[in-house]
Amino acid sequence: MNSESINGVTAAELAILDASELTRDPKLEAGFTESAHRILADLVGRGAALGWVEPPSSDEVAGLLDDVVCAVRSGDAALRVAYLDRRLVGLGYWLRYARPTHKPHADLEKVAVDRGVHGRGVGRALTAALIGDARAVGVEVLTLDARGDNENALRLYRSLGFAEYGRLRDFVAVGQYRYDKVFYMMDFRRED
């Protein structure tokens, strides 16, 4: 492998695209929603902490992605997708807060990576690209929340510079189980 390898995935194999790059390729765009649904439904079905208790329907995922793409077009979001040999293996996005007093800030809503490539740097590459997008458009504070038992994600976020700023104990309810909701932030204002 060359020196640009990320845990066994070379930069030549892995493509991190933004929404405009995705929509410029008709073949990728045509299969995007179906592939995204497959990834999200599989992860949630196996207990992943992505905001759903049951796997989302294809219509629900299509509606969500339509809303995100619409927000991207208005400058209120960023969407990144990861392709490995032209196969969707991950996606993530952030949205600006809707409240006018919170508009300078954005929330990293979802980062989802196909189980088959976990541990190969795809989530890191997606998240780093989304951080770069937020920084580039002047987002002041990028926030996120995660389920407290999602240690791999929490470790990733910390390694990229996010800091924990709060925790709600036993806040997330999945059936009879309760998990902490952990809040992280990256304050770009401190970089100036």
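Biologist: Hi! Where does Asp85 lie?

Modeller: Hello! This is a predicted model, and in it Asp85 is found in the loop between β4 (77-84) and β5.

Biologist: What is the phi of Asp85?

Modeller: The phi of Asp85 is near 55°, a positive value in a residue other than glycine. For background, most residues other than glycine have a negative phi.

Biologist: Nice. Is Asp85 buried or exposed?

Modeller: Asp85 counts as exposed, because its relative accessibility is 59% and the cut-off for exposed is over 50%.

Biologist: Why is β5 described as largely enclosed?

Modeller: Because eight of the 10 residues of β5 are buried, the strand is largely enclosed by the rest of the structure.

Biologist: Which residues line the largest cavity?

Modeller: The lining is made by Leu40, Leu64, Leu65, Leu91, Tyr93, Lys110 and Ala112. The elements giving two or more residues to that lining are α3 (58-73), β5 (87-96) and β6 (106-113). By class, the lining has six nonpolar residues, no polar ones and one charged residue.

Biologist: I spotted Lys110 in there. Which ring does the charged end of Lys110 sit over?

Modeller: The charged end of Lys110 sits over the ring of Trp52, 4.6 Å from the ring centre. Another contact of this kind places the charged end of Arg147 over the ring of Tyr179, at 4.3 Å from the centre.

Biologist: What about open pockets? What volume does the largest pocket have?

Modeller: The largest pocket has a volume of about 1200 Å³. Its lining takes in 44 residues, and Ala49, Leu50, Val111, Asn150 and Ala153 lie nearest the centre. Several elements give two or more residues to this lining: α2 (26-45), β6, α4 (122-136), β7 (141-147), α5 (151-159) and β8.

Biologist: Which element gives the largest share of that lining?

Modeller: β6 does, with seven residues. Sorted by class, the lining of the largest pocket has 23 nonpolar, nine polar and 12 charged residues.

Biologist: And the second largest pocket, what is its volume?

Modeller: The second largest pocket has a volume of about 150 Å³. Its lining residues include Leu22, Phe32, Leu65, Val69 and Arg73. α3 gives the most to this lining, with four residues, while α1 (19-24), α2 and α3 each supply at least two. Five of the lining residues are nonpolar, two are polar and three are charged.

Biologist: Last topic: how many aromatic pairs are there in the whole structure?

Modeller: A search finds two. In one of them, the rings of Tyr157 and Phe162 have centres 5.8 Å apart and planes at 75°, so the pair counts as edge-to-face. Tyr157 is buried at 9% relative accessible area, and Phe162 is buried at 4%.

Biologist: Which residues form the tilted pair?

Modeller: Tyr165 and Phe183 do, with 5.8 Å centre to centre and 45° between the planes. This pair links distant parts of the chain, as Tyr165 is in strand β8 and Phe183 is in strand β9 (residues 177-187), 18 residues apart.

Biologist: Are Tyr165 and Phe183 buried or partly exposed?

Modeller: Tyr165 is partly exposed at 45% relative accessibility, whereas Phe183 is buried, with a relative accessible area of 18%.

Note on methods: Residues are numbered from 1 along each chain as its sequence is written. This is a predicted model: local features need pLDDT of at least 70, side-chain atom pairs count only at pLDDT 80 or more; totals for chains, interfaces and linings use all residues. Side-chain values use heavy atoms; hydrogens and water are left out. On a 1 Å grid over the protein atoms alone, a cavity is a set of points where a 1.4 Å probe fits but cannot get out, and a pocket is an open set with protein on both sides within 12 Å along at least five of seven lines; lining residues have an atom within 4 Å of a point. Ala, Val, Leu, Ile, Met, Phe, Trp, Tyr, Cys and Pro count as nonpolar, Asp, Glu, Lys and Arg as charged, and the others, Gly among them, as polar. Buried means under 20% relative accessible area, exposed over 50%, partly exposed in between (1.4 Å probe, protein chains only). Rings of Phe, Tyr and Trp (its six-membered ring) pair if their centres lie within 6.5 Å; planes under 30 degrees apart count as stacked, over 60 as edge-to-face and the rest as tilted. A charge sits over a ring if NZ of Lys or CZ of Arg is within 6 Å of the ring centre and within 35 degrees of the ring normal. Grid points are joined across faces, edges and corners, and a volume is the space filled by probe spheres set on the points.
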